[in-house]
Amino acid sequence: MSTTIELVPSILSANFANLAADARAALNGGGTVLHLDVMDGHFVPNITIGPPVVASLRKALPGATFDCHLMIENPDQLIPAFAEAGANWISVHQEACVHLDRTLHLIESHGCKPGVVINPATPVHTLNYVLDIVHHVLVMSVNPGFGGQKFIPNSLNKMERLAKIRESRALTYRIEVDGGVALDTVADVVRAGAELLVAGNAVFGHGDIRQNATNLLAAARSATLTRA
Ligand code: DX5
Ligand code: ZN
C-alpha cells in the first residue's frame, strides 16, 4: 500500500497569544493537518485547550483540517462539543476508554474521522478489534502531557507492527506518530511506517516556524526515498 507523508504541526509549542498566525505559518511551510492537543489535568498532568479555542481557530482557518488529540478522561462527554467547534479528526486514548468501540462510533456519528491513540507502555495488540473501524492510529513516542520531550525508540516497533497488520488484514488506517519527532528522528519514524508526522517543538519551538516546517517535511520525504 502506498502512503503519503504529511506533516501535522502540533500547536502545543506555539505562542498561544499568537495562535492563528503561528498555525498559519506552519501550514504555509507545508503542514497539511493541524494537531490540537486537548489535556484535562486528569488523564495527563497538564491542561491546555477546550472547544472555544478550537472554534476560534476554525474561524481563523476555515479550510484547515483539525486533528484533535483528546488526552482526557470520559471523552464521550466532550466529543459532541469538539465536533461542533470544528474538529475534523478526533482521536481518543485506548487507556481512557472503557467502551472504546462505542466511543469510536460516537466520533463517527458526529461527522468526524475516528482515531485511536496508544501510550508508550500500551501494546499494539490491544487495538486488534478496532483497527477495522479507525481512520488513524496514533502511536505516542513520548508519554503524553508535554511538548519537547525525548523520543522513545521502542515506539518504532509499534509503527512497524501496525504497517504489517494493515497489509496482512488489508485495512486502510493511517499511522500517526506523536512526540519527539524532529530532524534527528524523522527518518526513523518514516522508515518504520509512520506517515502522519506530528511535530510541536521542532516546528514552533525556535526560529522561523514556516522554515522549520519546510525543513522537517523535506527530511521526511528524503527518508521515504531511501525506505526499503
Ligand atoms: C504531547 C502531545 C504532542 C506534543 C508533541 O502530549 O500529544 O502532540 O505537542 O510535542 P513535540 O513534537 O515537541 O514532542
Ligand atoms: Zn498530540
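## Reading the labels on a predicted model

Student: Why is Glu176 called buried?

Tutor: A residue is called buried when its relative accessible area is under 20%. For Glu176 the value is 0%, and therefore Glu176 counts as buried.

Student: What makes Thr214 partly exposed?

Tutor: The middle class is the one between 20% and 50%. Thr214, which belongs to helix H8 (residues 209–225), has a relative accessible area of 34%, so it is partly exposed. Between the C-alpha atoms of Thr214 and Ala199 there are 12 Å, and 15 residues along the chain.

Student: Where is Gly145, and why does it count as buried?

Tutor: Gly145 is placed in the loop between strand S6 (136–140) and H5. Its relative accessible area is 2%, which is under the limit of 20%, and so the word buried applies to Gly145. Its C-alpha atom lies 7.9 Å from that of Met71, although 74 residues separate them along the chain.

Student: Why is Gly86 given the label buried?

Tutor: Gly86 sits in the loop between H3 and strand S4 (89–93). The relative accessibility of Gly86 is 13%, and because this value is under 20%, Gly86 counts as buried. The C-alpha atoms of Gly86 and Pro51 are 8.5 Å apart, while along the chain the two are 35 residues apart.

Student: Why is Asn74 called partly exposed, and why is Ala170 called exposed?

Tutor: The label exposed needs a relative accessible area over 50%. Asn74 has 48%, so it counts as partly exposed. Ala170 has 66%, and therefore it is exposed.

Student: How many disulfides does the structure hold?

Tutor: A disulfide is a covalent bond between the sulfur atoms of two cysteines. The rule used here asks for two such atoms within 2.5 Å, and by this rule the count is 0 disulfides. For Cys97, the nearest cysteine sulfur is that of Cys68, 15 Å away, and Cys97 is in no disulfide.

Student: What makes us say that the charged end of Arg58 sits over the ring of Phe66?

Tutor: The distance part of the rule asks that the charge lie within 6 Å of the ring centre. The charged end of Arg58 is 3.9 Å from the centre of the ring of Phe66, and it sits over that ring. As for pairs of aromatic rings, the structure holds 0.

Student: How much space lies in the largest pocket, and which residues are closest to its centre?

Tutor: The space in the largest pocket is about 340 Å³. The pocket is lined by 29 residues, and those closest to its centre are Gly148, Gln149, Gly179, Gly180 and Val181. Among the elements that give two or more residues to this lining are strand S2 (33–39) and helix H7 (201–204). By kind, the lining residues divide into 13 nonpolar, 12 polar and 4 charged.

Terms used. Residues are numbered from 1 along each chain as its sequence is written. Chains are lettered from A and ligands numbered from 1 in the order in which they are written. This is a predicted model: local features need pLDDT of at least 70, side-chain atom pairs count only at pLDDT 80 or more; totals for chains, interfaces and linings use all residues. Side-chain values use heavy atoms; hydrogens and water are left out. On a 1 Å grid over the protein atoms alone, a cavity is a set of points where a 1.4 Å probe fits but cannot get out, and a pocket is an open set with protein on both sides within 12 Å along at least five of seven lines; lining residues have an atom within 4 Å of a point. Grid points are joined across faces, edges and corners, and a volume is the space filled by probe spheres set on the points. Helices (H or I, at least four residues) and strands (E, at least two) are DSSP runs, numbered from the N terminus. Ala, Val, Leu, Ile, Met, Phe, Trp, Tyr, Cys and Pro count as nonpolar, Asp, Glu, Lys and Arg as charged, and the others, Gly among them, as polar. Rings of Phe, Tyr and Trp (its six-membered ring) pair if their centres lie within 6.5 Å; planes under 30 degrees apart count as stacked, over 60 as edge-to-face and the rest as tilted. A charge sits over a ring if NZ of Lys or CZ of Arg is within 6 Å of the ring centre and within 35 degrees of the ring normal. Buried means under 20% relative accessible area, exposed over 50%, partly exposed in between (1.4 Å probe, protein chains only).
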